[in-house]
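Subject: Structure handover

Hello,

Here is the structure I promised to pass on. Please open it first, then read the notes below.

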Amino acid sequence: MNQDIYIKNKKAYFEYHILDKYIAGIKLLGTEIKSIREGKANINDAFCTFINEQLYVRNLHIAEYSFGSFYNHEAKRDRILLLNKKELKKLQTRGEEKGLTIVPLALFISERGFAKLEIGLAQGKKTFDKRDTMKERDSKIEMDRAMKQ
C-alpha cells in the first residue's frame with residue numbers, strides 16, 4: 001500500500017500561528033479514498049467548522065475518481081471529522097475565542113490505510129509577522145546556498 005501521500009497546506013503555516021495540532025479521521029466515500037490515494041486532493045482553501053456539535057471540514061477538494069461510474073462523489077462537499085468527545089469539546093470552546101480558528105494542515109494516509117487530516121487551532125498572523133516569516137525563509141535559503149559552496 002502506498003503511504004507516501006502527504007498533502008500539505010503551506011498557506012496555513014504562512015497565514016496563521018499554529019497553537020495546537022490534532023490528528024482527525026475523515027468520513028469518506030469509497031471513490032474519495034481512491035482519489036486521495038492517487039494524490040488528487042487540495043486542502044488550500046479548506047476550513048473547519050462546527051455544525052450540530054460535530055466538526056466538519058468544508059471546501060476540501062477531492063477530485064472525482066477517474067475510474068468511477070455514476071457512483072462518483074461530489075468534489076467539494078462537507079465531510080465529518082472523527083475525533084474523541086473530549087477533543088471535540090476542547091476545540092469547540094477554544095474555537096469560539098476571539099481570533100482563533102481551526103484550519104487543516106495536512107492530509108495523509110495512515111499505516112493502516114485510513115485517510116487522516118491534521119488540523120490545527122490557529123491564530124491569524126499580522127502583516128508584519130508574515131514579512132518576518134518571509135525574511136526567515138529567505139535567509140535560510142541564502143545560508144543553505146552558502147553552505148553548498
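This is a predicted model: local features need pLDDT of at least 70, side-chain atom pairs count only at pLDDT 80 or more; totals for chains, interfaces and linings use all residues.

Arginine 94 is partly exposed, because its relative accessibility is 25%, which falls between the 20% and 50% cut-offs. The side chain of arginine 94 forms a salt bridge with that of aspartate 20, at 3.5 Å from N to O. The two residues sit in distant parts of the chain, 74 residues apart. Aspartate 20 belongs to strand β2 (residues 16–26), and arginine 94 to helix α3 (residues 85–95). Aspartate 20 is also partly exposed, at 24% relative accessibility.

Other salt bridges

How many salt bridges are there by this rule? The count comes to eight. In general, side chains of opposite charge can pair when their charged atoms come close. Two further pairs are worth a look.

- Arginine 58 and aspartate 78: their side chains meet in a salt bridge of 3.1 Å, N to O. This pair also links distant parts of the chain, 20 residues apart. Arginine 58 is in strand β5 (residues 54–58), while aspartate 78 is in the loop between β6 (61–62) and β7 (79–82). Arginine 58 is partly exposed, with a relative accessible area of 30%. Aspartate 78 is partly exposed too, at 32%.
- Lysine 40 and glutamate 38: the closest N and O atoms of this salt bridge are 3.6 Å apart. Lysine 40 is partly exposed at 40% relative accessibility. Glutamate 38 has a relative accessible area of 36% and is likewise partly exposed.

Asparagine 9

Is asparagine 9 buried or exposed? It counts as buried, because its relative accessibility is 3%, under the 20% cut-off. Asparagine 9 lies in the loop between β1 (6–8) and α1 (10–15). What does its side chain meet there? A polar atom of the asparagine 9 side chain lies 2.9 Å from the backbone oxygen of proline 104. The backbone oxygen of isoleucine 43 lies 3.3 Å from a polar atom of that side chain. Leaving out residues up to four places away in sequence, asparagine 9 touches Ile43, Asn44, Pro104 and Leu105.

Tyrosine 6

Tyrosine 6 lies in strand β1. This residue is partly exposed, with a relative accessible area of 48%. The side chain of tyrosine 6 makes a polar contact with the side chain of glutamate 118, at 3.4 Å. Beyond residues up to four places away in sequence, tyrosine 6 touches Ala106, Leu107, Phe108 and Glu118. Compare sequence and space for tyrosine 6 and leucine 117: they are 111 residues apart in sequence, and their C-alpha atoms are 9.8 Å apart.

Most residues other than glycine have a negative phi. Glutamate 53 is not a glycine, yet has a positive phi of about 65°. Glutamate 53 counts as exposed, because its relative accessibility is 59%, over the 50% cut-off. Asparagine 59 is in the loop between β5 and β6. Phi of asparagine 59 is near 65°, again positive in a residue other than glycine. Asparagine 59 is partly exposed, at 34% relative accessibility.

The protein as a whole

The protein has four helices and nine strands. Along the sequence they follow the pattern β-α-β-α-β-β-β-β-β-α-β-β-α. The C-alpha atoms fill a box of roughly 55 × 40 × 25 Å along the principal axes. Of the 149 residues, 34% count as buried. Among contacts between residues at least 6 apart in sequence, 68% join residues at least 24 apart. The protein exposes about 9900 Å², and carbon and sulfur atoms supply 50% of that area. There are 29 positive and 21 negative charges, and their mean positions are 1 Å apart.

Best wishes

Note on methods
Residues are numbered from 1 along each chain as its sequence is written. Side-chain values use heavy atoms; hydrogens and water are left out. Buried means under 20% relative accessible area, exposed over 50%, partly exposed in between (1.4 Å probe, protein chains only). A polar contact is a pair of N or O atoms within 3.5 Å; within protein, one must be able to donate a hydrogen and the other to accept it, and residues adjacent in sequence count only if both atoms are side-chain atoms. Contact means heavy atoms within 4.5 Å. A salt bridge is a side-chain nitrogen of Lys or Arg within 4 Å of a carboxyl oxygen of Asp or Glu. Accessible areas come from the Shrake-Rupley method with a 1.4 Å probe; for residues, only the protein chains shown count as cover. Lys and Arg count as positive and Asp and Glu as negative; His and the chain ends are not counted. The place of a charge is taken as NZ of Lys, CZ of Arg, CG of Asp or CD of Glu.
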